[in-house]
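Visitor: Please take me through this model by way of its terms, and show for each one how the value leads to the name.

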Amino acid sequence: MTEKRGGTVLTTLLHQTPPLLPTSAEVMTMTIELPPGDAGTPPHRHSGPVFGYMLEGEMVFELEGEPERVIRAGEAFWEPGGDVIHYQAGNNLADAWSRFVVVMIGVPGEPMLTLVEEGELLERRDRRAARAVL
């Protein structure tokens, strides 16, 4: 949705109500830069919701219970955090860098990102959506 206020143009990229905001949440804004073909961070979870925007390139994005998809430059994305496993956030391009910005809202005193161990991935394999051919 785009609207004008005076000479300013406001464009809504994503409008989402997260399921949970931690009490006294900590907020961190980061840019992530993935070299060509990089798989990104191994399966992990965040203590709270994460909101992002692709600045350039393409990212293969997969959350637990959802099919993997490609997010392209100019697109916004989000994940609920908490118990949901984030399987993929890798560069979908073999010949170019991909860059995105994220705003992570986390539980005070807990890491913003925690890697998931192989045993838990095996226990929860039934929660992972069927893999698409991209």
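Guide: Two strands are said to pair if DSSP finds at least two bridges between them. This is a predicted model, and in it Phe51 has Val103 of β10 as its bridge partner.

Visitor: What makes strand β5 and β10 a pair, and how do they run?

Guide: Six bridges join β5, residues 50-56, to β10, and the two run antiparallel; since at least two bridges are required, they count as paired.

Visitor: Why are β3 and β8 called edge strands?

Guide: The open sheet has four strands in the order β3-β10-β5-β8, paired antiparallel. Both β3 and β8 (76-79) pair on one side only, and these are the edge strands. From one strand to the next the twist averages 20°.

Visitor: How do you know that Arg45 forms a salt bridge with Asp83?

Guide: The closest N and O atoms of Arg45 and Asp83 are 3.5 Å apart, and the cut-off is 4 Å, so the pair qualifies as a salt bridge. Because Arg45 lies in strand β4 and Asp83 in the loop between β8 and β9, the contact ties together parts that are 38 residues apart in sequence.

Visitor: Why does Arg45 count as buried, and what does Asp83 count as?

Guide: Arg45 has 16% relative accessibility, and buried means under 20%, so the term applies. Asp83, at 47%, falls between 20% and 50% and is therefore partly exposed.

Visitor: What makes the contact of Arg72 and Glu58 a salt bridge?

Guide: Their side chains meet at 3.4 Å, N to O, which is within 4 Å, so the name holds. Arg72 belongs to strand β7 and Glu58 to strand β6, 14 residues apart. With 18% relative accessibility, Glu58 counts as buried, whereas Arg72, at 40%, counts as partly exposed.

Conventions:
Residues numbered from 1 in each chain as written. Predicted model: local features only at pLDDT ≥ 70, side-chain atom pairs only at ≥ 80, totals over all residues. Heavy atoms only, no water. Axes fitted to C-alpha atoms, helices over the stretch in contact; angles between N-to-C directions. Buried < 20%, exposed > 50% of the residue type's maximum accessible area, 1.4 Å probe, protein only.
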